[in-house]
Amino acid sequence: MASLDLPAQLNVEADRGANAFRTAYPEHRPLVPRLQHNRAQLHIGGRTINGKYHREIRLAKSEGPLRAYIMRKYSWTVAQMELIDWQALTQALNRKQDKEVALVKLLAELTPTAKITKRYGRSNSSQCPRCQTDEETIDHVIRCPAVACQQWRSALLTHLRLICTTALHSRLALVDVLLDGLSCWFQHEQLDCTKYPDSLHKLIKDQNSIGWNQLFRGRMVREWASLQQQSLWDNGFQQKSLSGRSWVATVVTTIWTRFFELWNARNTIVHGVDINDHTAIQKSRLLEEIKDLHSRRESFHRSDLPFLIAQTDDETQKLKRS
Ligand SMILES: [Zn+2]
């Protein structure tokens, strides 16, 4: 340090003093004291903004409309919105920046399932490409009765248990509730809190209230982080890297990673693995559309008939060759 000039030495000294103060008085201080040379300071919602001004202003402007949109979408009350651990969701999103676009779609219920692509005219049917029985929504993708999806669900639960019990120092009762709640939702049932200790009732009721399908949208209730944090304190874990909130974020990112594996497998069925598959699938889809047009030739105007490839039903084999 002696090799530094005086202002730099004072700077280092001041940083050290500031860190010592923060360690001794760790409470949250959202307002930064204004120094004399500071000509302007930005405050939003009672806190000082110290950087990334564009992003912060954009977020502050869009937060209200986004909250209103989410409440409308799921018919949630303000009280239900407050149950959700938004900070854990933000932490999970920050860890998954490589999947930003897909996650924004997932959170806004705009993942291009058959229901959505049918609405935009990009597919003919809204049915699930795997089981061909139900409308394909995100919830259906996850709960589809097809064998491959059943295997995926059981692998997800096994994987979650493994992650929670090996790396996260989880409170084991929380892991049980997590896996039981998901299993119940997979079977179109709701978790009954009376089978669990009283200390877990609020957690189960809160998550039941906003829905277990919300775990796939990263929306877990705040009670998870709070109970896990308590367990960490009780067991003497004081590392900064371990917290109730980061536990929730890890559960969410684990679920997302597995979900996108399922989604990619689904896309392979719909779009094919490589360009040859893709072309073949598109051709067969177009052939079905052309056949459908031809089956309705009786209703066409006479001047449109020359555009048909096969003029009569007997000539339908021409369609395949063309
Ligand atoms: Zn299905």
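Me: Why is Pro129 called partly exposed?

Reply: Bear in mind that this is a predicted model. Pro129 has 18 other C-beta atoms within 10 Å. Buried takes 20 or more and exposed takes 12 or fewer, so with 18 Pro129 is partly exposed.

Me: Where does Pro129 sit, and which residues is Pro129 in contact with?

Reply: Pro129 is in the loop between helix H6 (114–119) and H7. Setting aside neighbours within four places in sequence, Pro129 is in contact with Ala114, Glu136, Arg266, Ile269 and Val270. As for Gln87, that residue is 42 residues from Pro129 in sequence and 36 Å from Pro129 in space, C-alpha to C-alpha.

Me: What makes Ser75 exposed but His169 partly exposed?

Reply: Again, count the C-beta atoms. Ser75 has 7 others within 10 Å, and exposed means 12 or fewer, so Ser75 is exposed. His169 has 15 inside 10 Å, which falls between the cut-offs of 12 and 20, so His169 counts as partly exposed. Ser75 lies in the loop between helix H2 (53–74) and helix H3 (78–83), while His169 is in the loop between H8 and H9. Phi is near 50° for Ser75, a positive value in a residue other than glycine, and phi is also near 50° for His169.

Me: How do you know that the span of helix H1 agrees with its number of residues?

Reply: H1 (residues 6–24) has 19 residues, and at 1.5 Å a residue it should span 27 Å. The end C-alpha atoms of H1 are 27 Å apart, so the two agree.

Me: What makes H1 hardly covered?

Reply: The count of buried residues among the 19 residues of H1 is zero. Being buried would take 20 or more other C-beta atoms within 10 Å.

Me: Which residues have the most contacts inside the largest nonpolar core, and which elements give two or more residues to it?

Reply: That core has 37 residues, and those with the most contacts inside it are Ala88, Met220, Trp224, Val248, Val251, Val252 and Ile255. Two or more residues come from each of helix H4 (86–95), helix H7 (138–143), helix H8 (147–166), helix H9 (172–186), helix H10 (201–210), helix H11 (222–234) and helix H12 (244–271). H12 gives the most, with eight residues. Leaving out neighbours within four places in sequence, Val251 is in contact with Leu160 and Leu178.

Me: How far apart are the centres of domain 1 and domain 2?

Reply: The domain assignment gives domain 1 as 86–271 and domain 2 as 275–321. Their centres, taken over C-alpha atoms, are separated by 43 Å.

Technical notes
Residues numbered from 1 in each chain as written. Predicted model: local features only at pLDDT ≥ 70, side-chain atom pairs only at ≥ 80, totals over all residues. Helix = DSSP H or I, 4+ residues; strand = E, 2+ residues; numbered from the N terminus. Expected span 1.5 Å × (residues − 1). Core = buried A, V, L, I, M, F, W, Y, C linked by C-beta atoms within 7 Å. Contact = placed C-beta atoms within 7 Å. Domains from an automatic or database assignment.
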